[in-house]
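Me: I would like to go through the terms used for this structure and ask what each rests on.

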Amino acid sequence: MDFIIQKAVAQDLPALVQLENRVFIPSDGMLTQRSFRYHMRTNNLFLVAKEDDSSTEVMGYILVFVRRLSVRIYSIATNPAYQRRGVARALLEHVLKETIALNIYNVKLELRETNKSALKLYESLGFKQKLVRRNYYGDNESAIFMQWCYGNQL
C-alpha cells in the first residue's frame with residue numbers, strides 16, 4: 001500500500017480528533033483538538049500517514065516526545081480501515097530513522113498488556129520489554145514498558 005508520511009498540520013485536526021475517538025477510550029488519556037494543536041507547535045515529532053498530499057483522511061499518526069538523550073513514543077494510532085496494511089510499522093520505522101538522525105539512540109514506549117498485535121509489532125522492530133506495571137491505566141489494566149536502543153536493530 002502506498003502512502004506518505006508528513007508532519008501533522010492544522011488541516012489534519014478534524015481527522016485526528018475523529019481517529020482518536022475511534023481508537024482510544026477515555027481511560028487511555030485521549031488527546032483533544034487542543035492538545036493536538038499544542039503538539040504541532042512544539043519540537044515534538046508529530047507525523048501523519050496519508051494516501052497523498054491532498055488527502056484529508058488520516059490513515060494513522062504517531063506523536064513522539066523528543067528529549068535531549070531519549071525519545072518517548074507517546075501515542076500511535078491507525079485508522080481501523082487501514083489496519084494490518086503497514087501504516088503503524090511505517091510510522092515507527094520513520095521515527096526510528098529520525099531519532100538516529102538526531103543522534104538519539106534510545107526510544108521508549110508503553111502499551112496495554114492486552115494489546116498483543118502492538119506488542120508483536122514492537123518486538124519485530126527490536127523493542128525489548130523492560131517491565132510491567134500493574135493497574136497502570138485508569139481502568140486498572142497493566143502496562144508493558146518497552147525500549148529500543150540503536151545498534152540492536154534496523
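Predicted model: local features only at pLDDT ≥ 70, side-chain atom pairs only at ≥ 80, totals over all residues.

Reply: Residues are numbered from 1 along each chain as its sequence is written, and side-chain values use heavy atoms, with hydrogens and water left out.

Me: What makes the buried residues of H4 line one face of the helix?
Reply: Helix H4 spans residues 116-124, and its buried residues are Ala118, Leu119, Leu121 and Tyr122. Seen down the axis of H4, they fall within an arc of 165 degrees, so they line one face. The arc is that of the directions from the helix axis to the C-beta atoms. Helices (H or I, at least four residues) and strands (E, at least two) are DSSP runs, numbered from the N terminus. Buried means under 20% relative accessible area, exposed over 50%, and partly exposed in between (1.4 Å probe, protein chains only).

Me: Which exposed residues does the face of H4 turned away from its buried side carry?
Reply: That face carries Lys116 and Lys120.

Me: How do you know that the span of H3 is close to the expected one?
Reply: H3 has 15 residues and reaches 21 Å from its first C-alpha to its last, close to the 21 Å expected at 1.5 Å a residue. The expected span is 1.5 Å times one less than the number of residues.

Me: Why is the pair of Phe36 and Tyr61 called edge-to-face?
Reply: Rings of Phe, Tyr and Trp (its six-membered ring) pair if their centres lie within 6.5 Å; planes under 30 degrees apart count as stacked, over 60 as edge-to-face and the rest as tilted. The structure holds nine aromatic pairs. The centres of Phe36 and Tyr61 are 5.5 Å apart and the planes are at 90 degrees, so this pair is edge-to-face.

Me: Why is the pair of Phe65 and Tyr74 called stacked?
Reply: The ring centres of Phe65 and Tyr74 are 4.7 Å apart and the planes are at 20 degrees, so the pair is stacked.

Me: Are Phe65 and Tyr74 buried or partly exposed?
Reply: Phe65 has a relative accessible area of 13%, so Phe65 is buried. Tyr74 has 32%, so Tyr74 is partly exposed.

Me: What makes Arg112 lie over the face of Tyr137?
Reply: A charge sits over a ring if NZ of Lys or CZ of Arg is within 6 Å of the ring centre and within 35 degrees of the ring normal. Arg112 lies over the face of Tyr137, at 4.4 Å from the ring centre.
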